[in-house]
Amino acid sequence: MNDCIFCKIIAGEIPSKKLYEDDEILAFWDIAPQAPIHFLVIPKKHIPSPVDVTEEDERIMGKVIRIAADLAKEQNIADDYRLIFNNGAKSGQEVFHIHMHILGGKGKPWPI
Ligand code: 5GP
Ligand code: ZN
């Protein structure tokens with residue numbers, strides 16, 4: 001996708017601080033953290049939004065969650081994080097390459 005900022009991060013055209021990378025997944029720190037620990041896990045495949053996930057994407061999206069859990073352990077927040085997908089502009093989705101937010105290390109519950 002030519003105009004996708006996260007595809008450009010995957011391609012190395014935009015720099016990012018990476019936590020994890022393999023042939024199908026990338027995890028990197030959010031540029032504007034909303035919690036003491038805030039990183040994103042994305043599939044390298046350009047899926048725009050959660051609503052666009054197809055049956056063929058089920059395995060990779062499960063892997064996104066598993067990698068996030070492994071990274072949360074590494075960051076010592078194994079019992080203190082939330083996983084969030086925004087879906088659609090009205091929800092606050094700004095980047096239309098599917099991404100899971102890992103927000104953690106707050107030390108107390110969130111409103112939801
Ligand atoms: P959304 O609002 O689409 O769910 O979340 C997009 C997230 O991507 C935001 O938290 C925003 O701070 C982050 N973001 C946007 N552009 C960049 C970038 O160029 N680099 C990094 N590391 N994060 C970005
Ligand atoms: Zn993309």
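## Basis of the model

Because the model is predicted, local features need pLDDT of at least 70 and side-chain atom pairs count only at pLDDT 80 or more, while totals for chains, interfaces and linings use all residues. Residues are numbered from 1 along each chain as its sequence is written, chains are lettered from A and ligands numbered from 1 in the order in which they are written, and side-chain values use heavy atoms, with hydrogens and water left out.

Helices (H or I, at least four residues) and strands (E, at least two) are DSSP runs, numbered from the N terminus. Cys7 is buried at 16% relative accessibility, and His97 is buried at 0%. Buried means under 20% relative accessible area, exposed over 50%, and partly exposed in between (1.4 Å probe, protein chains only).

## Largest pocket

The largest pocket has a volume of about 550 Å³. Of its 25 lining residues, Phe6, Asp30, Ile31, Leu40 and Val95 are the closest to its centre. A pocket, on a 1 Å grid over the protein atoms alone, is an open set of points where a 1.4 Å probe fits, with protein on both sides within 12 Å along at least five of seven lines; lining residues have an atom within 4 Å of a point. The volume is the space filled by probe spheres set on the points, which are joined across faces, edges and corners.

H1, strand S2 (25–29), strand S3 (37–43) and S5 each supply at least two lining residues, and H1 gives the most, with three. The lining has 13 nonpolar, nine polar and three charged residues. Here Ala, Val, Leu, Ile, Met, Phe, Trp, Tyr, Cys and Pro count as nonpolar, Asp, Glu, Lys and Arg as charged, and the others, Gly among them, as polar.

In soluble globular proteins, nonpolar side chains tend to be buried together. The largest nonpolar core has 18 residues, and Ile25, Phe39, Val41, Met61, Val64, Leu71 and Ile102 have the most contacts inside it. S2, S3, helix H2 (58–74) and S5 each supply at least two residues of this core. H2 provides the largest share, seven residues. Such a core is a set of buried Ala, Val, Leu, Ile, Met, Phe, Trp, Tyr and Cys residues joined through side-chain atoms within 4.5 Å.

## Single residues

Pro43 is in strand S3 and is buried, with a relative accessible area of 1%. Ala69 lies in helix H2 and is partly exposed at 24%.

Asn76, in the loop between H2 and S4, is exposed at 70% relative accessibility. Phi of Asn76 is near 65 degrees, a positive value in a residue other than glycine. Lys106, in the segment after S5, is partly exposed at 32%. The C-alpha atoms of Lys106 and Ala35 are separated by 6.4 Å, with the two residues 71 apart along the chain.
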